[in-house]
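Please look over the sequence and the model shown here before reading on.

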Amino acid sequence: MITCGRECGAPNDFGAILPGERVLMSLKPEYYELMWQGLKTHEFRRRYLKGQPTTWYVYLTAPVSKLIAVIDLGEAVVGPTIDR
C-alpha cells in the first residue's frame with residue numbers, strides 16, 4: 001500500500017494515509033480471482049477519474065457481497081472512446 005504525508009489524503013478505515021480520490025468499484029467474484037491470479041491484467045470502465053491516483057475499494061457482488069480489498073492505483077490509462 002502506498003502511504004504519504006497527511007497532505008495527500010485522509011486516514012482510511014485501516015489506519016493508513018491514502019493519496020488521491022477514493023472510489024467504490026464493484027466486481028464479479030470470478031473477475032477478482034482472475035486479477036489476483038495474473039490472468040486478468042486490465043479493467044475497462046466507461047467512466048473513471050483521469051489524471052490522478054485513486055484508491056479503489058473493491059466490492060464483490062453476489063454471492064459474496066462484501067468489501068474485499070483496498071488497492072492504490074496510479075493514474076488511469078485512457079484509450080480511445082467507442083461510441084455505441
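**Questions on a predicted model**

Q: Is Tyr 31 buried, partly exposed or exposed?
A: Residues are classed by relative accessible area, where buried means under 20%, exposed over 50% and partly exposed in between (1.4 Å probe, protein chains only). Tyr 31 has a relative accessible area of 38%, and its place is in helix H1. Because of that value of 38%, Tyr 31 counts as partly exposed.

Q: On what kind of model do these values rest?
A: Residues are numbered from 1 along each chain as its sequence is written, and side-chain values use heavy atoms, with hydrogens and water left out. Local features need pLDDT of at least 70 and side-chain atom pairs count only at pLDDT 80 or more, while totals for chains, interfaces and linings use all residues, since this is a predicted model.

Q: In what order do the elements of the protein run?
A: Helices (H or I, at least four residues) and strands (E, at least two) are DSSP runs, numbered from the N terminus. The protein has one helix and three strands. From the N terminus on, their order is β-α-β-β.

Q: Which residues form the salt bridge?
A: The structure holds one salt bridge, a term for a side-chain nitrogen of Lys or Arg within 4 Å of a carboxyl oxygen of Asp or Glu. Lys 40 has 21% relative accessibility and counts as partly exposed, and Glu 43, at 29%, also counts as partly exposed. With their closest N and O atoms 3.2 Å apart, the partners are Lys 40 and Glu 43.

Q: Which residues lie closest to the centre of the largest pocket?
A: A pocket is an open set of points on a 1 Å grid over the protein atoms alone, where a 1.4 Å probe fits, with protein on both sides within 12 Å along at least five of seven lines, and lining residues have an atom within 4 Å of a point. About 1100 Å³ of space lies in the largest pocket, a volume being the space filled by probe spheres set on the points, which are joined across faces, edges and corners. Of the 27 residues in its lining, the closest to the centre are Glu 43, Phe 44, Arg 45, Tyr 48 and Val 77.

Q: Which residues does the cis peptide bond join?
A: Most residues other than glycine have a negative phi, and most peptide bonds are trans. In the loop between strand E2 (54-60) and E3 is Pro 63, and the loop between E2 and E3 also holds Ser 65, which has a positive phi of about 50 degrees although it is not a glycine. The cis bond, with omega about 10 degrees, joins Ala 62 and Pro 63.

Q: How far apart in space are His 42 and Val 77, C-alpha to C-alpha?
A: His 42 is found in the loop between H1 and E2 and, at 52% relative accessibility, counts as exposed. Along the sequence His 42 and Val 77 are 35 residues apart. In space, C-alpha to C-alpha, their separation is 9.8 Å.
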